[in-house]
Amino acid sequence: MKLFKNGKIYIERESFAEAMIIEDNRIIKVGSKNECLSVFKGESVVDLKGQTVLPGLIDSHLHFLMTAEYLSLLPITDVSSMKELIERCQKHIDENELTKETILYTEGWNHTTFTDEKRMPNRFDLDQASADVPVVLVRVDRHVMSLNTAALNYFGITSDTTVANGGEIIKDESGKPTGVLTEGAVDLVKAKLPRKTKAEKKKLLIDTMKLANQVGLTSMHTNDAKDETIEETLKLYEELEKEQRLTLRFYQQIWFNDGKYLSGFLNSSYSFQQGSSWNKVGPIKFFIDGTLGSRTAALREPYSDDLTTRGMLTKSQETLTEEVKSAVDHGFQVIIHGIGDRGIETILNAYDAALNGQPNILRLGINHMQITGMDLIERVAEKDYLTYVQPIFLDDDMPIIYDRVGEERANTSYLFQTMINKEIHQSFSSDAPIVSFNPFFNIQCAVTRNRLDSSNAEPYLPSEAVDIYSAIDAYTYEGAYASFEETDKGRLKEGYLADFIILDKDIFTCEPQQIKAIKVIETYVDGDCVYSVGEADEK
């Protein structure tokens, strides 16, 4: 039994407590210091000295194993020009003495931030980095890939190569591949990339769990198990749990790019919610469109800065509806990637058809929900569909949103407060490794409606800023709700799991522009301290 006293312990909106008692892995008492002291029978007492305590933070959608692998790659997220991208790759190839038998693979370029040429790198650009070493660079959103000529040859991508799962091999006027692949076409390469061993993946996961604990994460809905690697990936987490090496709770989103794997999984030994409080099978995950930055998000009207395209649907309405019905019939929750309004509309049509007038008891949801319009928001509210949003995306999208979709559509997009007003369930997530999984970056963008480093800039639709209580609830209660665990975690109440974090400053009163600088002093999961700033400093 352990008593935490003299703190500012967040209970729910505008409600705080002074103290709480932890026994084993549960909170058994929350209240004033005197109330807790009157029932406390232990010897371990922690004086919080006025520090703020929050429930453990829950990231409701990211790719954790991919993030772990990404952190070991050549960093390119900060490159500010095409020239710098080429030079950094060239330097890495030279310093590491890479050969034509090896592959330079990394992720994170974003052409919308380039200061010289705001276009996607093609094979001619990357041939300048190397004519011999295969170079494969993935865009920050992971929906576009750029290859040099050596990589096109290495992976056998020619003018005659076909794409089975949506997406495109971009070709020049003569019909030859330019080296740019979009959406499902990137799987032509990813399926043939060298794969890490189980031991290597486990080490990466363990190391990255420590980083996640350090920024206050105690649970996450991870989207790693995909298509032909589903069982292999799930077993990684299962083994880590058996080895008692998990310091995060995982809710597995099962990812299908290729529908041919769906029926096999639905008829396998895996079932929805199978597992423990540490690691369980969650929803089926589908895609329907791409991203705004790459102009692959599916829009109802053409892009304002490219009238020749409305983006792309990665599958037909009929196919998506059939897949959703199949998942729902097998008792699975479903979450679908939808960024553009045409993509979101396609998702809603599929969900409505699958439910056929029945209530949304499986908590079907939409991931991203960016380019909306009030008609779509009304449909989401009416059927009580969940939304998983990423306020941190404003950091990248603010400079391009008005160019991409024009003022009218931009003014009805990223409507976080409107969705709250409509009583739509809205959880926050990072979609890492697209961006950092640091929750405080996300929270700051949500409450300021601004870029992280542009506090003096004009905020984007400031009326859509959420208050600090809503932001924290979106990272705690709503994340738990999305996994059907809202009565077990996401709040610091009696009977709940002892997952909580102690902060170095009061997030409820600090300047909104300073939220990103908040540090976690300690992180507790299942009643155990899994991160302490003092221990980290010693290491």
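In helix α8 of this predicted model, the buried residues are I230, T233, L234, L236, Y237 and L240. These residues lie on the same side of α8, because they cover an arc of only 140 degrees around its axis. The elements against which the buried residues of α8 pack are the helices α2 (64–70), α7 (198–214) and α9 (262–266), together with the strands β14 (217–222), β15 (249–255) and β16 (279–287).

The length of α8 can be checked against expectation. Helix α8 comprises residues 230–242, and at 1.5 Å a residue its 13 residues should span 18 Å; the end C-alpha atoms are 18 Å apart, so the two values agree. After α8 comes Q244, which has a positive phi near 55 degrees.

Helix α11 is mostly covered, with 11 of its 15 residues buried. N356 follows α11 and has a positive phi, near 50 degrees.

| Helix | Number of residues | Distance between end C-alpha atoms | Expected span |
|---|---|---|---|
| α11 | 15 residues | 21 Å | 21 Å |

In soluble globular proteins, nonpolar side chains tend to be buried together. In this model, the largest nonpolar core contains 100 residues, and F64, F265, I284, F440 and I507 have the most contacts inside it. Helix α11, residues 341–355, contributes the most to this core, namely 7 residues. For F265, the residues touched, apart from those up to four places away in sequence, are I230, I254, F256, Y270, V281, I284 and F332. A separate, second core has 18 residues, including A129, V135, V144 and V180.

One further residue deserves mention. N442 belongs to helix α16, which covers residues 439–448. N442 counts as buried because its relative accessibility is 1%, and the cut-off for buried is under 20%. When neighbours within four places in sequence are left aside, N442 is in contact with Q390, P391 and I392, with S429 and S430, and with Y475.

Notes. Residues numbered from 1 in each chain as written. Predicted model: local features only at pLDDT ≥ 70, side-chain atom pairs only at ≥ 80, totals over all residues. Heavy atoms only, no water. Core = buried A, V, L, I, M, F, W, Y, C linked by side-chain atoms within 4.5 Å. Buried < 20%, exposed > 50% of the residue type's maximum accessible area, 1.4 Å probe, protein only. Helix = DSSP H or I, 4+ residues; strand = E, 2+ residues; numbered from the N terminus. Contact = heavy atoms within 4.5 Å. Expected span 1.5 Å × (residues − 1). Arc of directions from axis to C-beta.
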